[in-house]
Amino acid sequence: MAPTTLSGLRFAWLEVTGLCQETCSHCYADSGPKGTHGTMTVADWLSVIDQLADMGTVDVQFIGGEPTLYPNLPELIEHAHGRGLGIEVFSNMAHVRPELWDAFTQYGVKLATSYYSDNSGEHDQVTGLRGSHRKTRANVQKALELGIPMRGGVVAVRSGQRVEEAARDLVSLGVPQVGGDRTRAFGRASQGAAPTIKDLCGHCAHEKCAIGPTGDVWPCVLGRFLTMGNVKTTSVADIWSGAQAARVTADIAAVHGAGVQSCTPPQFLPMCGPCGPCVPSVGHCDPREATAEAPAIGVPA
């Protein structure tokens, strides 16, 4: 029988924009240069951050689209820091404005990025943006020089892709954690196929949710076809404890059960164990795997 409430909400992805300067064919969010910042105002996002903090949420990750293209990201970072939240920004690192570097260093922000090859041509072919490899690599180096915690992830997009070389390249720069992932059948990567629960990892809504640029709340960033409510009309707490959230969770459990056995979490989901690195305050999602060490380099099959 489905539970009427979920566990505590410890982590939230805040998808502040659908705008991105890259056009990756595997983008789960279907973002790109024609994307928008949605209908969430700055005041809406500040309210969401306050609500999450009041609920005992520990960490937030700002995502997109490309979150560095959201003009008010420094303000949101400052506010989240002031409310005691741990902060990570998942960025393609192709362009970082000076005020963002200041916010990253001042407010203890952690960074994460996707990386596709040690070869600039191959990386740029994946992103669809000429010069993206050079810019991303240079900004990864700058982040490390500034002492900003950095992790990377290599997504296997095409046959013969230099994924292991890409991982080694990031490690050579000094990135301490490099995870891997396969292409997921969501967004543009689905090639028009309808998303299904079986393609999720099964840990969706376990102490986590995602909030999109129109205010919709999802069990995770990939599960955006499973709407649990909207923060523009309902509080986060009421959504999290509501009937629709319980139904979504029950639907996921009906397909995956515990979810752990088949779990190969995407590298951009920092809380989804047991295979990948978690945000530091979380430690590990599944207690049965709590002592397992995440691989330093590698792409799940």
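Trainee: Thr68 first. Buried or exposed?
Mentor: Thr68 is buried, at a relative accessible area of 2%. Keep in mind that this is a predicted model.
Trainee: Why does 2% count as buried?
Mentor: Because buried means under 20% relative accessible area, and Thr68 has 2%.
Trainee: Where does Thr68 lie?
Mentor: In a loop. The loop runs between β2 (59–63) and α2 (73–82).
Trainee: And what does the side chain of Thr68 reach?
Mentor: The backbone oxygen of His95, at 3.3 Å.
Trainee: Which residues does Thr68 touch, not counting those up to four places away in sequence?
Mentor: His95 again, plus Leu73, Ser91, Arg97 and Leu100.
Trainee: Switching to Val248. Where is its place?
Mentor: Helix α8, residues 243–256. Val248 is buried too, with a relative accessible area of 4%.
Trainee: What is Val248 in contact with, leaving aside neighbours within four places in sequence?
Mentor: Pro219, Leu226, Thr227 and Met228.
Trainee: How far apart are Val248 and Trp218?
Mentor: In sequence, 30 residues. In space, 9.1 Å from C-alpha to C-alpha.
Trainee: Now the whole protein chain. How many helices and strands?
Mentor: There are 8 helices and 9 strands. The chain has 301 residues, and 53% of them count as buried.
Trainee: What about contacts between residues at least 6 apart in sequence?
Mentor: Of those, 70% join residues at least 24 apart.
Trainee: Last one. What does the accessible surface come to?
Mentor: About 12,300 Å². Carbon and sulfur atoms account for 52% of that surface.

Terms used: Residues are numbered from 1 along each chain as its sequence is written. This is a predicted model: local features need pLDDT of at least 70, side-chain atom pairs count only at pLDDT 80 or more; totals for chains, interfaces and linings use all residues. Side-chain values use heavy atoms; hydrogens and water are left out. Helices (H or I, at least four residues) and strands (E, at least two) are DSSP runs, numbered from the N terminus. Buried means under 20% relative accessible area, exposed over 50%, partly exposed in between (1.4 Å probe, protein chains only). Contact means heavy atoms within 4.5 Å. A polar contact is a pair of N or O atoms within 3.5 Å; within protein, one must be able to donate a hydrogen and the other to accept it, and residues adjacent in sequence count only if both atoms are side-chain atoms. Accessible areas come from the Shrake-Rupley method with a 1.4 Å probe; for residues, only the protein chains shown count as cover.
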